[in-house]
Amino acid sequence: MRSVTCSMSVSLDGYIVGPDGGFDWTAPDEEVFRFVTDEIRQVGVHLLGRRLYETMLYWETADQDPSLDESMLVWAALWKPLPKVVFSTTLSAVQGNARLASGGLAEEIERLRAEPGEGDIAIGGATLAAEAAASGLIDEYRARVCPVLVGGGIPFFPQRERRVDLELVETRTFDSRVVYLRYRVARLVLWSTTGPQTVSVNENGRDSMRLETRPFIRCSP
């Protein structure tokens with residue numbers, strides 16, 4: 001099953017945008033940019049909110065910008081053909097290899113999981129990512145922690161008083177002192193007569209919407 005991932009730059013105190021709306025402190029150096037480029041190679045489809053979609057429109061024609069260096073041209077070549085799903089209540093049309101979402105976020109993700117295809121389902125945009133996190137739809141959190149405290153703004157994690165247990169999968173420290181942390185959401189493996197079923201459990205111990213009702217034989221953490 002395809003994984004749903006959320007990958008963003010974040011301040012040490014947990015914000016992706018500062019209180020003044022700025023995020024210049026997230027600008028990657030060459031090493032981090034190469035890493036982010038390699039990460040996008042693993043994405044099969046990208047889900048975006050309206051604001052992020054409009055911000056990223058530049059990359060639809062960036063290959064025509066003579067000022068771009070080779071690394072940015074590589075990024076543009078990867079981003080432009082990548083399938084995208086845009087969630088918006090105001091847009092009536094989108095450009096490039098993108099389509100407007102035809103349903104809610106959970107519905108779109110379940111549809112994409114069921115479709116044949118490779119690569120992660122990436123989620124971008126603070127509001128969309130917060131909705132996905134609150135609904136237990138994210139499988140992996142990938143944070144590039146920047147060495148800065150901004151004191152407020154838009155948080156990386158939604159403030160929903162919801163506990164989610166995580167497993168550390170990968171970590172890396174860059175020369176710029178940015179630290180990459182990749183966490184997988186801990187799931188329970190429930191065994192049935194037809195084999196193991198992977199589910200997440202919310203803070204009250206109830207199975208999430210991804211649980212399939214089957215006759216369970218045993219349960220292992």
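Colleague: Which residue just after H5 takes a positive phi?

Modeller: Happy to start there: this is a predicted model, in which local features need pLDDT of at least 70, side-chain atom pairs count only at pLDDT 80 or more, and totals for chains, interfaces and linings use all residues. Residues are numbered from 1 along each chain as its sequence is written, and side-chain values use heavy atoms, with hydrogens and water left out. Helix H5 covers residues 126-134; helices are DSSP runs of H or I with at least four residues, strands are runs of E with at least two, and both are numbered from the N terminus. Just after H5, a positive phi of about 70° is taken by Gly136.

Colleague: Within what arc do the buried residues of H4 fall?

Modeller: The buried residues of H4 are Leu105, Glu108, Ile109, Leu112 and Arg113. These residues pack against E1, E3, E4, E5 (98-100), E6 and H5. They line one face of the helix because, seen down the axis of H4, they fall within an arc of 135°.

Colleague: What is the order of strands in the open sheet?

Modeller: Two strands pair if DSSP finds at least two bridges between them. The sheet has eight strands with mixed pairing, and its edge strands, E5 and E9 (166-173), each pair on one side only. From one strand to the next the twist averages 25°, with axes fitted as lines to C-alpha atoms (for helices over the stretch in contact) and angles running from 0 to 180 degrees between N-to-C directions. The order is E5-E4-E3-E6-E1-E7-E10-E9.

Colleague: Which residue is the bridge partner of Val4 in E6?

Modeller: E1 and E6 run parallel and are joined by three bridges. In E6, Val4 has as its bridge partner Ile121.

Colleague: Which residue in the turn between E9 and E10 has a positive phi?

Modeller: E9 and E10 (residues 179-185) run antiparallel, with seven bridges joining them, and Arg172 stands opposite Tyr180 in E10. The two strands form a hairpin with five residues between them. The turn residue with a positive phi, of about 75°, is Arg177.

Colleague: How many residues does the largest nonpolar core have?

Modeller: A nonpolar core is a set of buried Ala, Val, Leu, Ile, Met, Phe, Trp, Tyr and Cys residues joined through side-chain atoms within 4.5 Å. In the largest one, the residues with the most contacts inside it are Leu47, Leu105, Ile123, Ile138 and Phe156. E1, E2 (15-17), E3, E4, H4, E6, H5 and E7 each supply at least two residues of this core.

Colleague: Is Thr5 buried or exposed?

Modeller: Thr5 is found in strand E1. Leaving aside neighbours within four places in sequence, Thr5 is in contact with Asp120, Ile121, Ala122, Ile123, Glu140 and Arg142. With a relative accessible area of 3%, Thr5 counts as buried.

Colleague: What is the relative accessible area of Gln42?

Modeller: Gln42 sits in the loop between helix H1 (30-40) and E3. Apart from neighbours within four places in sequence, Gln42 is in contact with Gly119 and Asp120. Gln42 counts as partly exposed because its relative accessible area is 49%.

Colleague: How many disulfides are there?

Modeller: A disulfide is a pair of cysteine sulfur atoms within 2.5 Å. Cys6 is buried at 1% relative accessibility, and Cys146 is buried at 5%. By the sulfur rule, the count of disulfides is zero.

Key. Buried < 20%, exposed > 50% of the residue type's maximum accessible area, 1.4 Å probe, protein only. Contact = heavy atoms within 4.5 Å. Arc of directions from axis to C-beta.
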